[in-house]
Structures are given as C-alpha cells and as structure tokens.
Amino acid sequence: MTKRCASSQNHTSVTDYGPKMSQNESQSNTDGKVQDEDKKKVGLGKKVSLLRGMSIIIGTIIGAGIFISPKGILMHSGSIGMSLIVWIGCGVVSLFGALSYAELGTCIKKSGGHYTYIMEIYGPQMAFLRLWVDLIAIRPAGMAVISLAFGQYILEPLFMPCPIPPVAVKLATAIGLTTVMSLNSTSVTWSARIQIFLTISKLLAIAIIIVPGLYQLFRGNTRNFDNAFEFSNMKLHGMPLAFYSGMYAYAGWFYLNFVTEELEKPERTLPLAICLSMAIVTCCYVLTNVAYYTVMSAEEILTTDAVAVVFAEKLMGKFSMAVPVFVALSCFGSMNGCIFALSRMFLVASREGQLPEVLSMIHVRRNTPLPAVFILYPMTMFQLFVGDIYSLLNFMSFLRWLFIGVVVLGLIYLRYKKPNLPRPFKVPLFIPVVFCLASFFMVFLSLYSDPVNTGIGFAISLTGIPAYFIFIYFNDRPKWLQRSLDSFNRSLQVILEVVPAEQ
C-alpha cells in the first residue's frame with residue numbers, strides 16, 4: 001500500500017501557527033477552525049455559474065492562433081474545402097472528449113481534472129506521474145508561450161512599424177504574468193468577472209472578422225471558393241498532420257473540470273457549459289476561416305504571419321492597428337483561465353498528500369488558493385528568461401494526448417467495473433471510444449513524425465518514477481529533516497496568511 005506525505009495528523013496542526021487576526025477580521029471557534037465574524041467558512045465556495053464556466057472554456061480555447069496564423073490545417077490539407085471539413089471534424093471530436101469529461105465530472109465530483117480522474121481510476125502512482133510532468137515542464141512552458149504572445153502583441157501598436165526589442169517583450173510578459181497571478185490570488189469573483197469580460201472581447205474581435213467577411217461572401221465574392229475541393233491540391237498524406245493541428249487549436253475544453261467543486265449545480269452546469277461552449281467555439285473557428293477565405297486567397301494566407309491584420313487592412317484600413325490589442329486581450333484571457341483552473345489541480349494534489357500541505361490552504365480573508373496560484377510563477381519566469389520553451393513543448397506535446405486518452409479510456413473501464421456508479425450525465429459509449437482512438441492516433445503520429453523529441457519527452461516524464469518513491473512512497477524522513485519541513489510549512493503559512501479549508 002502506498003504511503004501518503006506527512007499530514008497534519010503526524011505533526012502539530014499548522015492552524016495553531018497561523019497569522020493572528022484582528023477582532024473585526026476573524027476569530028477562532030472552539031474547534032480551532034478559523035472563521036470570519038459572519039461565521040462564513042474559509043474556503044473557495046461555489047462561485048462558478050454557467051456563464052463563468054463558459055467563459056473559462058471559451059476563454060482558454062480561443063487564443064492568438066485564430067487571429068495570427070490559422071494556416072497549419074490549410075497547409076497540410078492542401079485545399080480550402082478540406083481545411084473547413086477538418087475544422088468541423090476536429091470540433092466534433094473535441095466535443096466528444098469534452099462530453100466524456102462531463103460524464104466523469106458529474107460522477108467524480110472533485111476538482112483537479114485529469115489528475116483527479118487518474119487518481120480515482122488508476123491510483124496515486126500514475127496520478128503523480130501526470131502531476132510531475134505538468135509541474136516541471138508542460139504547464140510552465142505552455143504558460144510562458146501564451147505570456148510571450150501577450151507581451152509581443154500588447155507592445156506592437158507602440159513600436160509599429162519597427163521591430164520590438166526582445167527585452168521589452170520579456171518585461172511586458174513578466175508584468176502580464178504577475179498581473180494574472182496577483183488577480184487570481186486576490187479575488188475569485190473578480191478573476192471570474194474579468195474572464196467573462198475578456199471572453200466577450202475576443203468574441204467581439206471574432207465577430208468583427210466574421211460579419212464583414214460574410215457580407216462580402218453574400219455579395220457574391222466567392223472566387224476563392226471555386227474548386228474548393230480540387231483533388232490535384234489535396235494532400236491525403238498530410239491529413240493526419242492537419243487533424244493534429246486542428247485538435248491543438250481546440251485544446252482547453254477540459255479546464256472546467258479542474259474547478260468542479262466550485263460549480264453551481266455541477267451535474268447541470270458542467271455538461272451544459274461544455275456543449276454550449278464547444279458549439280460557440282466551433283462556429284467561431286469555421287466562420288472565421290470562411291471570412292478569411294472570402295477576402296484572401298489560400299496563397300496569401302499561407303505566406304502571411306498575421307492573417308487577421310492583413311484581413312483588416314483589406315477591409316477596414318487603419319482599424320487593423322486594433323487587431324494586436326484584441327490578440328493581446330485574447331492571450332490575457334487564456335492566461336487568466338489557465339491559472340484559475342490549474343491552481344485547483346495543485347490544491348487537490350496537495351490535499352491528496354502529493355504536494356506540500358501549504359498548497360491546499362486558503363487565504364483567511366480573500367478565500368483564494370494563494371499558494372496554489374503562485375506555484376507556477378517561479379518555474380514560468382525561469383523558462384521565460386532562461387529555458388528553451390518551444391523545444392520543451394515539442395518534447396511534451398504527445399504526453400498531453402496520451403494522458404487525456406488514458407483518462408477517457410478510464411471512463412470506459414468504469415462503465416464495466418462500476419456499472420452502478422451514479423451518473424447524472426451519461427454519454428453513448430461510442431463517444432468515448434471515438435475520442436480514445438483519436439487521442440491514441442495523435443500519440444502514434446507524434447512517435448512516427450518526430451521520434452527523437454517524443455523519446456526525449458518520454459524520458460523526462462519517466463523521471464517522475466524515482467521522484468514518486470523519493471518524495472511520496474518512502475516517507476521515513478530523518479526527524480531533523482521533518483522538523484525543518486514542518487517549520488518551513490508553518491512559516492510560509494504565517495507569511496501568506498493561509499489556513500486549511502474548512503469542510
């Protein structure tokens with residue numbers, strides 16, 4: 001049987017060493033629990049409504065790619081018609097994955113997303129491996145890439161037409177990242193409200209592209225759609241890579257499952273938010289590409305690095321200068337949504353004993369998971385200024401689909417292993433089966449197309465095995481080391497003003 005990390009049962013309760021509150025802020029009850037004077041529990045609460053849930057999904061899926069360079073699918077498919085079919089097909093397959101996660105989220109009503117489902121189905125060893133890869137590589141690198149895009153496009157209107165100094169980009173990136181972290185550690189309500197605002201902003205930006213594009217289409221500007229399915233241009237051998245690019249564009253549909261415990265009526269909100277959000281995103285992606293194809297030829301799209309800017313220049317003149325601002329807001333929304341969701345995964349991992357106990361604690365006044373929010377900050381900053389971010393993402397890209405495929409495979413396993421498990425929302429079995437096949441196909445495609453980088457990524461992930469035995473399984477630490485760790489944990493708790501969440 002696996003052993004858990006040292007918990008509060010093995011040493012003096014950290015609550016005894018918490019920050020001292022003024023009388024009008026909070027007080028201790030007879031059980032040693034910290035509550036405010038209104039007797040409200042210290043915890044996250046259920047503050048994520050349907051609208052906020054949709055803003056998390058839409059806001060994290062739609063990033064900078066659809067505005068800047070949505071050409072991967074067109075390049076690999078070889079024709080406009082096939083590229084639109086791939087966009088629609090990837091939206092449907094992503095919906096299948098999201099619906100599978102909706103079933104898991106309504107029968108396993110815990111936050112944490114992938115990590116929690118792997119823990120419940122496969123056990124702590126596999127869950128720690130996923131957590132380890134996320135913590136040391138995937139999440140810091142992914143966050144650094146989104147943040148760099150924000151830094152690049154927020155400065156572009158100020159430097160046009162000159163190139164932006166790399167140092168300025170990194171400084172703007174660091175400021176943006178710090179702002180997002182601070183926002184999520186200050187107020188759950190305000191971070192959710194800002195996420196809604198940013199999601200509406202990026203949908204408005206997409207509408208500014210779609211409406212004039214469709215207007216041109218209805219006026220008869222259809223020359224770019226002539227011979228849209230011309231077989232001489234199709235690249236059947238490139239279709240797998242086109243599909244891979246499309247699935248990457250839809251990535252992010254799983255983030256609402258990271259905050260299941262904070263959802264209002266999760267058995268209703270989770271599947272409804274997923275269905276509505278995926279329908280909106282798929283329509284936006286397909287119609288945006290139709291608008292691009294109406295105004296620009298396939299050759300123009302493939303040769304430009306800023307599709308939305310060229311589109312705006314052709315139809316709206318100087319308004320094209322506003323496009324980088326919309327792209328920056330879109331990136332900021334993705335950053336905010338990712339931090340909001342990922343912090344809950346680290347909180348749950350701490351609660352399970354696989355990360356330091358302080359990461360599961362909540363700020364006594366703000367009711368935010370402050371330590372869990374900031375855990376990614378130093379790693380992201382390090383990779384931003386020192387690391388080779390894009391190489392790391394190439395190493396790890398296949399692991400994302402491997403673990404997601406494994407999670408959905410676990411859904412099929414639960415259907416037969418625990419047929420009587422309450423399932424408020426249940427999908428037809430063919431849906432998880434199709435998605436599993438798609439996920440493992442992308443894993444195989446990574447192995448086939450880039451075996452070296454995939455092998456390096458797999459080797460990095462295997463370092464989680466000795467880490468598990470060192471930090472989790474073998475828990476008999478020397479007393480002096482345990483005392484030092486306990487002292488550090490209590491000191492950090494006092495500095496951050498956090499306490500264990502009340503049940």
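1. Start with Ser350, which sits in helix α13 (residues 323–351); helices here are DSSP runs of H or I of at least four residues, numbered from the N terminus. This is a predicted model, where local features need pLDDT of at least 70 and side-chain atom pairs count only at 80 or more, while totals for chains, interfaces and linings use all residues. Residues are numbered from 1 along each chain as its sequence is written, and side-chain values use heavy atoms, leaving out hydrogens and water.

2. Ser350 is buried at 5% relative accessible area (buried is under 20%, exposed over 50%, partly exposed in between, with a 1.4 Å probe and protein chains only). A polar atom of its side chain lies 3.1 Å from the backbone nitrogen of Ser360. Beyond four places in sequence, Ser350 touches Leu355, Pro356, Glu357, Val358, Leu359 and Ser360 (contact means heavy atoms within 4.5 Å).

3. On confidence, mean pLDDT (the predictor's per-residue confidence, 0 to 100) is 83, with 88% of residues at 70 or more. Where pLDDT is low, the predicted coordinates should not be read in detail.

4. Now the aromatics: there are 18 aromatic pairs, counting Phe, Tyr and Trp rings (six-membered ring for Trp) with centres within 6.5 Å; planes under 30 degrees apart are stacked, over 60 edge-to-face, the rest tilted. Tyr468 and Phe469 have centres 5.6 Å apart and planes at 85°, so they are edge-to-face. Tyr468 is buried at 3%, whereas Phe469 is partly exposed at 34%.

Methods: Helices (H or I, at least four residues) and strands (E, at least two) are DSSP runs, numbered from the N terminus. A polar contact is a pair of N or O atoms within 3.5 Å; within protein, one must be able to donate a hydrogen and the other to accept it, and residues adjacent in sequence count only if both atoms are side-chain atoms.
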